[in-house]
Amino acid sequence: KDSDTNDAVEQSFLVVVAIDFGTTSSGYAYSFTKEPECIHVMRRWEGGDPGISNQKTPTTILLTPERKFHSFGYAARDFYHDLDPNESKHWLYFEKFKMKLHTTGNLTMETDLTAANGKKVKALEIFAYALQFFKEQALKELSDQAGSEFENSEVRWVITVPAIWKQPAKQFMRQAAYKGVFSRRCADVVLQCRLARCVRFSKVFSTSQFPLRQLHKVSGFSKELSTQQLPVFSHFGLVPKCKLNSFENPAPAKEHIRRNRQSRTFLVENVIGEIWSELEEGDRYIVVDSGGGTVDLTVHQIRLPEGHLKELYKATGGPYGSVGVDYEFEKLLCKIFGEDFIEQFKIKRPAAWVDLMIAFESRKRAAAPDRTNPLNITLPFSFIDYYKKFRGHSVEHALRKSNVDFVKWSSQGMLRMSPDAMNALFKPTIDQIIQHLSDLFEKPEVTNVKFLFLVGGFAEAPLLQQAVQNAFGSKCRIIIPQDVGLTILKGAVLFGLDPAVIKVRRSPLTYGVGVLNRFVEGKHPPEKLLVKDGTRWCTDVFDKFISADQSVALGETVSRSYTPAKPSQLIIVINIYSSEEDNVSFITEPGVKKCGTLRLDLTGTDTLVPTRREIKTLMQFGDTEIKAMAIDVATSKSVKAGIDFLNY
């Protein structure tokens, strides 16, 4: 992150808008800074599927044949569905494209995404289109609420990303935000799993116990877990107002929300409940953020006196999201109808393939451990028709000839799956989650865990809930909040109101640079010897900034000084290396990779400086992104510094 994008001048924000950009579904929520206890979830989307909450919208985007933005979410999906099959081949439809940032090893600004029709578009353009769509939707809703036009500069934007994402993916998302016309001074990219912190502590405590803030969904007396810290008004004898619609008196407004089960507003209140009264200083808990693409695991500990959180172990996880179940269904179709047919069908009838996966999604959500009746998945007519042309026989014939006994053909044109067959599609993904959690519990830092919070869209699956309860219910209490799919979204808003709640994080990797050190006989390998001007140097020495899994406090810096090779040099570029290992001596060791560059721009600084210039560089590793800033020691003037993980 460049130093010039983190302006020291404090911005004045009227509202925080959080965009939860998910693999399968996305949405936004907001809160006004003068009413931080009120979190408003976005308007319900037009469209949707029967039996599925449309509090979010599918992460789908549609471009015209001329590659211009057309629509997003349900609108994109439904328009694409209604296109004539021959016409749909020319439109560019994208879904579940966020996973590309996680799975691409050499991510760059030129990375492409492939549309349903096989055509490629720059990933940066697609992400920018999506973020711009949410920006316009949110600003329109804010303007409607306020009765006047809301400006971009009045908003602090928070965009979620998975905690396990590496620096290039995070930088990519930030660049997409800037391309999507977000202000460089008010777009905050934060780690998604950090936003799923289900326990957030107030800043005032009594000697015996401390009041805990909890996000309390007032519809139906259900308690929703919060994730961030807000100012404690009760300490000053103040009650913040919650202005909703035309309400001026906060009490009737809150009572209206309590009685309205369809309300999109959630109140943050001081509540001491059964769970909260048990928590004490030093208590540990795990957050399992299970989304559409990835599962992120974080371990936190409560720290007093201010109720901040300490990350005990670096964020871990993997591509174990709900899309894994979709992949298993696709493999099942390949087994029944042939991989060659499925690949051709996806290319020749892309809109029909989307319809088939929508039908599967609906039945997937009906899977449960105690289900006994079959699940019927409607096959699009074009699937049945194209298969007969492709193979020369019917889909019913294919099912009879296949060795898949637990999927039958229904005379109504549907695949009839037994509950065991559907559960089997979940098993590989759930097994990976359970195994990863089991490995995490074996770590010395992850002992005496009191609670495990299961959040995220995939956490709604009863099969996953049961598996987690069976595997870890004896180790800790399993907490599954209501509306788990919105927990990240609400937490993101609260993070925007108070980004400094996590005081200590863990570095996921070891970072450093390559330097020359004086050669020491017996210590350094002979092949690393370099003699220059009569001085013996050891090359390729790994100068470590921070170690993997090392605790680093928010705002804590690592300082290094660099000198230009000659006085006239205006640009200093230093390669940054990373490793998953802690004990690294040389940049040439296995597992050490060049991951980015540190760039110091000396243009515009005073040229009347000593022959040997010293540029003091400070790097921060305790935030959601690695930041750099630099100072010319001779003049005490700021030097433009930036760390680039995409273009190096």
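Guide: Axes are lines fitted to C-alpha atoms, for helices over the stretch in contact, and angles run from 0 to 180 degrees between N-to-C directions. Helices (H or I, at least four residues) and strands (E, at least two) are DSSP runs, numbered from the N terminus. This is a predicted model, in which local features need pLDDT of at least 70, side-chain atom pairs count only at pLDDT 80 or more, and totals for chains, interfaces and linings use all residues. Residues are numbered from 1 along each chain as its sequence is written, and side-chain values use heavy atoms, with hydrogens and water left out.

Visitor: How many helices and strands are there in the chain?
Guide: The chain has 15 helices and 33 strands.

Visitor: What makes α9 and α10 roughly perpendicular to each other?
Guide: The axes of helix α9 (residues 339-348) and helix α10 (residues 350-364) cross at roughly 110° and come within 5 Å. Angles under 35 degrees count as roughly parallel, over 145 as roughly antiparallel, 65 to 115 as roughly perpendicular and the rest as oblique. The crossing angle of roughly 110° falls in the range from 65 to 115, so α9 and α10 are roughly perpendicular to each other.

Visitor: Which residues make that contact?
Guide: From α9 come Ile342, Phe345, Lys346, Ile347 and Lys348, and from α10 come Pro350, Ala352 and Trp353. Contact means heavy atoms within 4.5 Å. By class, six of the residues joining α9 with α10 are nonpolar, none is polar and two are charged. For these classes, Ala, Val, Leu, Ile, Met, Phe, Trp, Tyr, Cys and Pro count as nonpolar, Asp, Glu, Lys and Arg as charged, and the others, Gly among them, as polar.

Visitor: What makes α8 oblique to α13?
Guide: The axes of helix α8 (residues 323-337) and α13 come within 8 Å and cross at roughly 135°. That value belongs to "the rest" in the angle rule, which means that α8 is oblique to α13. The crossing of α8 and α13 is right-handed. On the α8 side of the contact are Gly324, Val325, Glu328, Phe329 and Leu332, and on the α13 side are Leu425, Phe426, Pro428 and Thr429. By class, this contact of α8 with α13 has six nonpolar, two polar and one charged residues.

Visitor: Where is Asn423 found, and which residues does Asn423 touch?
Guide: Asn423 sits in helix α13 (residues 419-441). Not counting residues up to four places away in sequence, Asn423 touches Ala367, Ala368 and Leu463. Asn423 is 98 residues from Val325 in sequence and 9.5 Å from Val325 in space, C-alpha to C-alpha.

Visitor: Why is Ser143 called buried?
Guide: Buried means under 20% relative accessible area, exposed over 50%, partly exposed in between (1.4 Å probe, protein chains only). Ser143, in helix α4 (residues 123-146), has a relative accessible area of 9%, so Ser143 is buried. Leaving aside neighbours within four places in sequence, Ser143 is in contact with Ser148, Glu149 and Phe150.

Visitor: How do you know that Thr316 is buried?
Guide: Thr316 belongs to strand β17 (residues 308-318). Its relative accessible area is 13%, which is under the 20% cut-off, so Thr316 is buried. Beyond neighbours within four places in sequence, the contacts of Thr316 include Ile164, His436 and Leu440.

Visitor: Why does Arg67 count as partly exposed?
Guide: Arg67 has 36% relative accessibility, and because that lies between 20% and 50%, Arg67 counts as partly exposed. Arg67 is in the loop between β5 (60-63) and β6 (69-72). Phi of Arg67 is near 70°, a positive value in a residue other than glycine. Most residues other than glycine have a negative phi.

Visitor: How much of the chain is buried?
Guide: Of the 648 residues in the chain, 54% are buried.

Note on methods
A crossing is left-handed if the near helix is turned anticlockwise from the far one by less than a right angle, and right-handed if clockwise.
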